[in-house]
Amino acid sequence: MKIAFKKLGSQPLHFEANSDNTFFSGDIILKKSNLAQLNGTITGSISIPCDLCAEEVERSLNEEITFYLSDGIFEGNDDELDVVEIDNSMVDLDELLKSEIELIKSDYFCCKNCEGTSLDREF
Ligand SMILES: [Zn+2]
């Protein structure tokens with residue numbers, strides 16, 4: 001699903017996207033002329049390899065996500081904002097979902113079999 005940035009307004013615009021077994025839904029609301037805030041939730045499940053034994057494990061998701069979308073280069077100076085710059089004035093929810101999933105996958109993760117093992121190794 002793609003939404004043209006110019007369609008965003010002060011009323012929250014609902015969106016939905018899905019990829020494999022994940023589902024992303026929420027609202028986008030315009031904050032300034034070229035800055036919008038996205039509030040969404042990712043649910044479903046992903047298959048993710050254990051960092052210790054590399055076994056693929058199904059992990060269920062329920063992630064609340066908030067970030068800002070900038071139409072073009074973000075020129076604000078608020079370093080605390082988590083801003084995603086979008087291309088061509090189109091918000092591509094499928095792309096955003098994919099990159100969020102990549103982020104989740106890059107987190108440390110270990111399967112049930114390995115839980116606790118990492119602690120033994122570290123101490
Ligand atoms: Zn494991």
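In this predicted model, aspartate 27 stands opposite asparagine 39 in strand 4. Strand 3 (residues 22-32) and strand 4 run antiparallel and are joined by ten bridges; strands here are DSSP runs (E, at least two residues), as helices are (H or I, at least four), numbered from the N terminus, and two strands pair if DSSP finds at least two bridges between them. A hairpin of two residues links strand 3 to strand 4. Residues are numbered from 1 along each chain as its sequence is written, and side-chain values use heavy atoms, without hydrogens and water. Local features need pLDDT of at least 70 and side-chain atom pairs count only at pLDDT 80 or more, whereas totals for chains, interfaces and linings use all residues.

Strand 4 also pairs with strand 5, in the antiparallel sense, over 15 bridges. Glycine 44 stands opposite leucine 61 in strand 5. The hairpin of these strands has six residues between them, and alanine 54 in this hairpin takes a positive phi near 70°.

The zinc ion is coordinated at 2.2 to 2.3 Å by the SG atoms of Cys50, Cys53, Cys111 and Cys114, donors being N, O and S atoms within 2.8 Å of the metal (3.2 Å for Na, K and Ca). The site is tetrahedral, with angles of 106 to 112° among its four donor atoms; four donors count as tetrahedral if all angles lie between 85 and 135 degrees. Cysteine 53 lies in the loop between strand 4 (35-49) and strand 5 (56-71) and cysteine 114 in the loop between helix 1 (93-106) and helix 2 (117-122), so the pair ties together parts that are 61 residues apart in sequence. Cysteine 114 is buried at 10% relative accessibility (under 20%; exposed is over 50%, partly exposed in between; 1.4 Å probe, protein chains only), whereas cysteine 53 is partly exposed at 38%.

Key
Four donors count as tetrahedral if all angles lie between 85 and 135 degrees; four count as square planar and six as octahedral if opposite donors are over 155 degrees apart and all others between 65 and 115; anything else is irregular.
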